[in-house]
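The entries follow in the order I made them.

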Amino acid sequence: MDLPSLSLVLQAALSSNPAERKAAEQSLNQFQYTPQHLVRVLQIIVDNNRDIAVRQFASIHFKNFIAKNWAPFDPNEQQKISPSDKDVVRDNILVYVTQVPPLLRVQLGECLKTIINSDYPEHWPHLLNWVKHNLQDQQVYGALFVLRILARKYEFKSEEERTPVHHIVEEIFPHLLNIFSKLVQIDKPSLEVADLIKLICKIFWSSIYLEIPKQLLDPNVFNAWMMLFLNVLERPVPVEGQPVDPELRKSWGWWKVKKWTVHILNRLYTRFGDLKLRNPENRAFAQMFQKNYAGKILECHLNLLGSIRVGGYLPDRVTNLILQFLSSSISKNSMYTLLQPQLDVLLFEIVFPLMCFNDNDQKLWEEDPHEYVRKGYDIIEDLYSPRTASMDFVSELVRKRGKENLQKFIQFIVEIFKRYDAAPVEYKPYRQKDGALLAVGALCDKLKQTEPYKSELEHMLMQHVFPEFRSPVGHLRAKAAWVAGQYAHVNFSDQNTFCQALHSVVSGVRDPELPVRVDSVFALRSFVEACRVPLLVTHDLNEIRPILPQLLDEIFKLMNEVENEDLVFTLETIVDKFGEEMAPYALGLCQSLAAAFWRCMNTAEADDEADDPGALAAVGCLRAISTILESVSRLPHLFVQVEPTLLPIMRRMLTTDGQEVFEEVLEIVSYMTFFSPTISLDMWSLWPLMIEALADWAIDFFPNILVPLDNYISRGTAHFLNCKEPNYQQSLWNMISSIMSDKNLEDSDIEPAPKLIEVVFQNCRGQVDHWVEPYLRITLDRLRRAEKSRLKCLLVQVIANALYYNSTLTLGILDKFCVTSEVFNLWFQLLQQVRKSGVRVNFKRDHDKKVCCLGLTSLLALPGEQLAGEALGRVFRATLDLLVAYKDQVAEAAKEEEAEDDDGMDGFESDDDDDDADGSDKEMGVDAEDGDEADSIRLQKLAAQAKAFRANDDDDDDDDSDDDFSDDEELQSPIDEVDPFVFFVDTVKVLQASDPLRFQNLTQTLDFHYQALANGVAQHAEQRRAEIEKEKMEKASAASLPS
């Protein structure tokens, strides 16, 4: 398409006529891959004689095309832009990017970013020379604009990938320093000068963000840069030209320069100027920075903050950054010494006023209460908020320098309380009282553990906080609720104090002002959490129980008004605390949460932002639904009732539409398939969706998908086996075989696959003979390629499960594949691997040991021609060792559980504990050799618990990881009912009866150690048999009692 034709098509794409517009877009799509198309679009963008609307549309089309096709995500994808077109674009975009209007520059800048990230330095080696030349040739803005994009490419790169940065700094920074120096010396500089300095600051920031390049560590070079930054920091911002509008003012060029300068100096101070750094080279730099610059920066920062005190202007972000710097300085003796003379002025005349309710707050409260609530609970807003930075400063001050500051600060707060109480209604300092309450809430942790304040907390709350629940001023009612929530866990000496606060918070949930209602609901969560089992602590749930229905109604009304995940957290907490008492409300709650979920999803899709409050609230709704399902798990009929409400969510969100909430949806599917009386056909319709997702994009969620798939097979075994349309057995095979044969997947990615094969073999015993050979074949293929011992163990357990399923069939298949010796040698090798401490390296979970026991024991029943005498002895001894280890581990787990139960008994312990501690091994006829393993198991479980509290859930692929106590440890299995000791002894008795001579030969090969073990196992098996019989009788007796 030639230039005039392309211009007409672009013009038509802006037509108000939908048909014309659609035809133009189709024409663009048809010709966009033809040679020269991209070059012609660029010509139109830079042509000043054309309509700006056409140029803008062309620039967006140009940006989108380059983003998609310049460097395709798939390296095997055919290149759609010719090398010659790329050369022309690269050469020309540099020239025009700064000549076009800002509206178009934004789009070309994005294109340049894509091209630089893809091509520099390999395919665009001359770019740096172009920058260098233009910096010296008066095309400074264009060169800086490009250099900023180039520097940003390496901002977060690791040391190995930052090599080009050193070249950039070496070649360009001397010129940059020279330009910066000249700009700073200009008298009455224009706004264009501010734009140039801002770009230089951004380039410097990106270059030093993770590491200072070695060229800048030269003391003379670094000092030259620091003198310029300090000059900019000290210099007053020009008064002329500042916009009046607050939004425009904070984005004004010279304030942006101030912000970036503070940003850079903060970064140098907090990341590289800390004397506690271990790296000797960095420590030398830190000493130099502290000595030469830190004090001067502090002085400049305090001067800037001083303008606030006299009513001057300082952008919120600059104030926030300066307070962050001051907070970092508190713990450093030299800096704190410099800060001390001005500390009182700073604390009481700058920081505290920033904590108080202000005109902007009042305006937002009245004009847009929804936005007021959003800003108050937005983490991103905290990054810019002077109020949050002020709270952090006060908290850090009393934490690190409490002796000299806590008392005077609390005295200051008390004086405000007194003045407020003494003043007539019309003159009360409401805003100061708001700031004082915020301070009391922010210092909650410190005050709760510091005398004399700790003893006075209840009195303080009664006298100065709770009365504000009835304040005529809305923001004080809200602040009272927030402070009450902070202190809800205090042990009140008078139960009525807690009750009064709780009822006041509940009343706040019905307040006419939206922010008060929201703060009250958040505070309510703390009060519900503070309620425990009656008699054990002061507060109990009886205070909330009578008003529960009304409370739930109010919370849902609020959820209809505000999309906020914290609201859902409160609901979750209530459901969690009341457990089965939520049964009457379960259906209504799920319906309301489902409706709220759809609303949130619609908002999130409209806003198209991952961190949108709607998206976060949607996740919260699903988590709350899971909490409700868990709380009524012993009432299966309720699952039938809620299924129609939840099915549409599960169906839609198990597709690509639900990637952001996939984990939460899978949890709901897991509850629905586990606790429902039966799995309905509607629920079975979700199976293909999960299998498709797994094949397409959801491999990272395989461990989560494992749980519902297990439920389908174990709780709907007949349907799984008999249904032919769809054929679930075939579907499962296709998925597992595809994943296990995929050479691109890591060992850790496929771990759930062998677990699923285990589920099939254990639940379908005797009914899937035709699947044993295919599953063993892919297991053996993957076993040969497996690198991680964790996966090797899981694959060996597939073989153990197959032996337990049908030992004759399985051994025949292994013989057919000529791998029997290879498999058993590997199995025994894995069983025998121990660490220096004696702890087993493999098969760590008691479930793993049990599966191996059952598989090996099943071999003992085979006739002599299938299992020769030597092999029989080897299997017999390995099984005995495993049974001992299994018994120790089960006993240790039981003891741990008992100890956890005892934790709630005020520290009273049984004297019998010590006797039980070392009896197990002696009962088995051996000394306690594996005590370390039990200790390791305890540590493993503690590590697993600790991991559950971490923010990220990345699995540790390291073979040495002890984190093998994953969620599937809790899954039920058909072998739960099989006692391995009884099974072993019964199998050995069959062997003894069917082939006495073979049994006699076996026993004669055992040394004293294994004979003792065998006797111990036999005794324990009879003990277990008696215990099992007793448990059965107790269950039967309980079942016969009238309910």
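Over the ring of which residue does the charged end of R317 sit? I looked it up in this predicted model: the ring is that of Y384, and the charged end of R317 is 4.9 Å from its centre. I also noted R765, which lies over the face of Y804 at 3.8 Å from the ring centre.

Next I turned to aromatic pairs. My search of the whole structure gave 54 of them. One of these is Y377 with F522, with ring centres 4.3 Å apart and planes at 75°. Y377 is partly exposed at 30% relative accessible area, whereas F522 counts as buried at 12%.

I then checked F662 and F701. They form an edge-to-face pair, 5.0 Å centre to centre with 70° between the planes. F662 belongs to helix α34 and F701 to the loop between α36 and α37, 39 residues apart. I have both F662 and F701 down as buried.

I also logged a cluster in which ring pairs link F173, F180, F204, W225 and F229.

Last, I looked at helix α45, residues 846-860. Its 15 residues reach 21 Å from first C-alpha to last, close to the 21 Å expected. Of the 15 residues of α45, 14 are buried, so I noted the helix as largely enclosed by the rest of the structure.

Terms used: Residues numbered from 1 in each chain as written. Predicted model: local features only at pLDDT ≥ 70, side-chain atom pairs only at ≥ 80, totals over all residues. Heavy atoms only, no water. Helix = DSSP H or I, 4+ residues; strand = E, 2+ residues; numbered from the N terminus. Expected span 1.5 Å × (residues − 1). Buried < 20%, exposed > 50% of the residue type's maximum accessible area, 1.4 Å probe, protein only. Phe/Tyr/Trp six-rings, centres within 6.5 Å; stacked < 30°, edge-to-face > 60°. Lys NZ or Arg CZ within 6 Å of the ring centre and 35° of its normal.
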